[in-house]
Amino acid sequence: TAAAAEVGKSIAAAAKAAEEAGADLNLCLTYYYGLSDEDALRDYLRLSYKRDKWISDYAKEAVSEKQINEYYEGYVYGDVEASQILITIDAKSDDSEDAKKAAEDKALNTAKDIIAKLKNGEDFSTLAKQYSKDASTANNGGSLGKVNSDDVSSEVFDALISMKNNTYSLIPVKSSYGYHILFRKSQDEKPSLETVKDDVISKVAETNKKADGFSIKALTALREKYEMKIIDTDLEKAFNELNK
């Protein structure tokens with residue numbers, strides 16, 4: 001089963017880590033997890049897997065039609081065919097603040113110079129081959145192919161969807177990778193809700209799972225589904241306090 005496979009991988013990883021550290025596995029389990037031996041770890045991991053699986057399943061079940069429609073309207077787009085010229089900020093983490101600022105200014109000015117060349121009629125593809133620091137696209141004229149929100153940084157995709165077809169960005173777009181000059185060639189039609197509904201539900205569910213108290217809410221629903229009762233009154237009280 002999937003649970004057994006995941007538990008097996010985790011056990012193997014723990015054993016390997018202990019071996020590489022030259023330590024006894026059971027001693028490590030006691031020290032780090034308060035567990036007596038490998039069997040106890042296996043039981044703990046199996047329970048954790050089942051708990052997480054239930055929370056994930058419950059998160060999907062809890063997604064409302066309203067949430068689905070809102071996500072579809074606000075966050076689902078047709079693929080955008082685009083190209084980029086990436087200018088990296090060549091600074092090291094241990095550089096001084098002045099050095100980092102100088103490197104960023106240099107990258108920004110280079111990006112602005114490239115935009116000026118585009119305004120003067122120079123070819124985007126040629127400039128990408130000459131200037132872009134993105135090794136995966138530069139030799140292909142900066143082509144990104146068709147991309148969507150999961151394929152590029154949010155800053156880049158937000159810029160692309162705000163642009164018109166056959167235009168380039170007039171202002172450098174900054175992301176964690178550096179400064180991007182973008183060219184948007186075209187955009188596909190937005191896919192129908194029916195074709196992306198499962199993916200939308202998964203995305204909304206992942207967001208819901210991050211909400212404070214959601215895991216407790218899910219486990220409470222599990223108890224109610226199977227009519228489980230906590231016999232220990234102190235444990236019941238502690239659980240109810242968490243669920244407030």
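The following paragraphs describe a predicted model, moving from its strands to a helix packed against them and then to a surface patch. Because the model is predicted, local features need pLDDT of at least 70 and side-chain atom pairs count only at pLDDT 80 or more, whereas totals for chains, interfaces and linings use all residues. Residues are numbered from 1 along each chain as its sequence is written, and side-chain values use heavy atoms, with hydrogens and water left out.

Strands here are DSSP runs of E with at least two residues, helices are runs of H or I with at least four, and both are numbered from the N terminus. Two strands count as paired if DSSP finds at least two bridges between them. Strand β1 (residues 80-87) runs antiparallel to β5 and is joined to it by eight bridges. Within this pairing, glutamate 81 faces serine 186 of β5, and isoleucine 85 lies opposite isoleucine 181.

Two further strands pair with β5. Strand β3 (residues 167-168) is antiparallel to β5, with two bridges; here tyrosine 168 stands opposite phenylalanine 183. Strand β4 (residues 173-175) is also antiparallel to β5, over three bridges. Serine 175 has glycine 178 of β5 as its bridge partner, and a hairpin of two residues connects β4 to β5.

Strand β1 also pairs with β2 (143-147). Four bridges hold this antiparallel pair, and serine 83 is the bridge partner of serine 143 in β2. Seven of the eight residues of β1 are buried, where buried means under 20% relative accessible area, exposed means over 50%, and partly exposed lies in between (1.4 Å probe, protein chains only).

Which residues of helix α7 (residues 154-162) are buried? They are Val156, Phe157, Ala159 and Leu160. These residues lie on the same side of α7, because they cover an arc of only 160° around the axis, taken from the directions from the helix axis to the C-beta atoms. An α-helix has 3.6 residues a turn, so residues three or four places apart point the same way. The cover over the buried residues of α7 includes β1, β2, β4 and β5, with contact meaning heavy atoms within 4.5 Å.

Helix α2 (residues 25-33) contains tyrosine 32, which is exposed, with a relative accessible area of 61%. Together with Tyr31 and Tyr33, Tyr32 forms a nonpolar surface patch of about 480 Å² accessible area.

Notes: Patches are made of residues with over 30% relative accessible area and no salt bridge: like charges are joined within 9 Å, nonpolar side chains (Val, Leu, Ile, Met, Phe, Trp, Tyr) within 5 Å. Accessible areas come from the Shrake-Rupley method with a 1.4 Å probe; for residues, only the protein chains shown count as cover. A salt bridge is a side-chain nitrogen of Lys or Arg within 4 Å of a carboxyl oxygen of Asp or Glu.
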